[in-house]
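I opened this model to look up its fold, its core and its ring pairs. My notes follow the structure.

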Amino acid sequence: MARKRNLSARTFRRGINLWPPFLFAGIKVLGVSDDYRRAKVRLRLGRLNRNYVGTHFGGSISR
């Protein structure tokens, strides 16, 4: 029988920041609420998430 683990919001935030799609798109999770209902993220314009006209790539900012 599998044992259920409780993952703290802080540990989740640290792990999700290392997830390759977020890491290479330049997305950084700054905080996650204890009930996992809200997250604060930052997406800075960089070389890996810029499109040909110099703005954010739409795939990086989709919900």
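These entries go from the overall fold to single residues.

**Ground rules.** I am working with a predicted model, where local features need pLDDT of at least 70, side-chain atom pairs count only at pLDDT 80 or more, and totals for chains, interfaces and linings use all residues. Residues are numbered from 1 along each chain as its sequence is written, and side-chain values use heavy atoms, with hydrogens and water left out.

**Fold.** I looked up the secondary structure and found three helices and two strands. Their order along the sequence is α-α-β-β-α. Helices (H or I, at least four residues) and strands (E, at least two) are DSSP runs, numbered from the N terminus.

**Burial and surface.** I checked how much of the chain is buried: 14% of the 63 residues. Buried means under 20% relative accessible area, exposed over 50%, and partly exposed in between (1.4 Å probe, protein chains only). The chain exposes about 5800 Å², and carbon and sulfur atoms supply 54% of that area. These areas come from the Shrake-Rupley method with a 1.4 Å probe; for residues, only the protein chains shown count as cover.

**Contacts.** I then took the contacts with a separation of 6 or more; residues 24 or more positions apart account for 18% of them. Contact means heavy atoms within 4.5 Å.

**Helix H1.** Which residues of H1 are buried? I noted Ala9, Ile16 and Asn17. Seen down the axis of H1, these buried residues fall within an arc of 100°, so they line one face of the helix. The arc is that of the directions from the helix axis to the C-beta atoms. An α-helix has 3.6 residues a turn, so residues three or four places apart point the same way. The cover over the buried residues of H1 includes helix H2 (20-25) and strand S1 (27-32).

**Aromatic pairs.** I counted two. Rings of Phe, Tyr and Trp (its six-membered ring) pair if their centres lie within 6.5 Å; planes under 30 degrees apart count as stacked, over 60 as edge-to-face and the rest as tilted. Phe12 and Tyr36 have ring centres 5.6 Å apart and planes at 80°, so this pair is edge-to-face. The pair links distant parts of the chain, with Phe12 in helix H1 and Tyr36 in the loop between S1 and S2, 24 residues apart. Phe12 is partly exposed at 33% relative accessible area, and Tyr36 is partly exposed at 37%. For Trp19 and Phe22, the ring centres are 5.2 Å apart and the planes at 70°, so this pair is edge-to-face. Trp19 is partly exposed at 43%. Phe22 is partly exposed at 22%.

**Nonpolar patch.** I found Phe12 and Tyr36 again, with Leu7, in a nonpolar surface patch of about 270 Å². Patches are made of residues with over 30% relative accessible area and no salt bridge: like charges are joined within 9 Å, nonpolar side chains (Val, Leu, Ile, Met, Phe, Trp, Tyr) within 5 Å. Leu7 sits in the segment before helix H1 (9-17) and is partly exposed at 47%.

**Salt bridge.** I counted one. The rule is a side-chain nitrogen of Lys or Arg within 4 Å of a carboxyl oxygen of Asp or Glu. Asp35 and Arg37 form the bridge, at 3.7 Å, N to O. Asp35 is partly exposed at 47%, whereas Arg37 is exposed at 71%.

**Phe57.** I ended in the loop between strand S2 (39-43) and helix H3 (58-61), where Phe57 lies. Phe57 is partly exposed at 46%. Beyond its neighbours within four places in sequence, Phe57 is in contact with Asn49 and Asn51.
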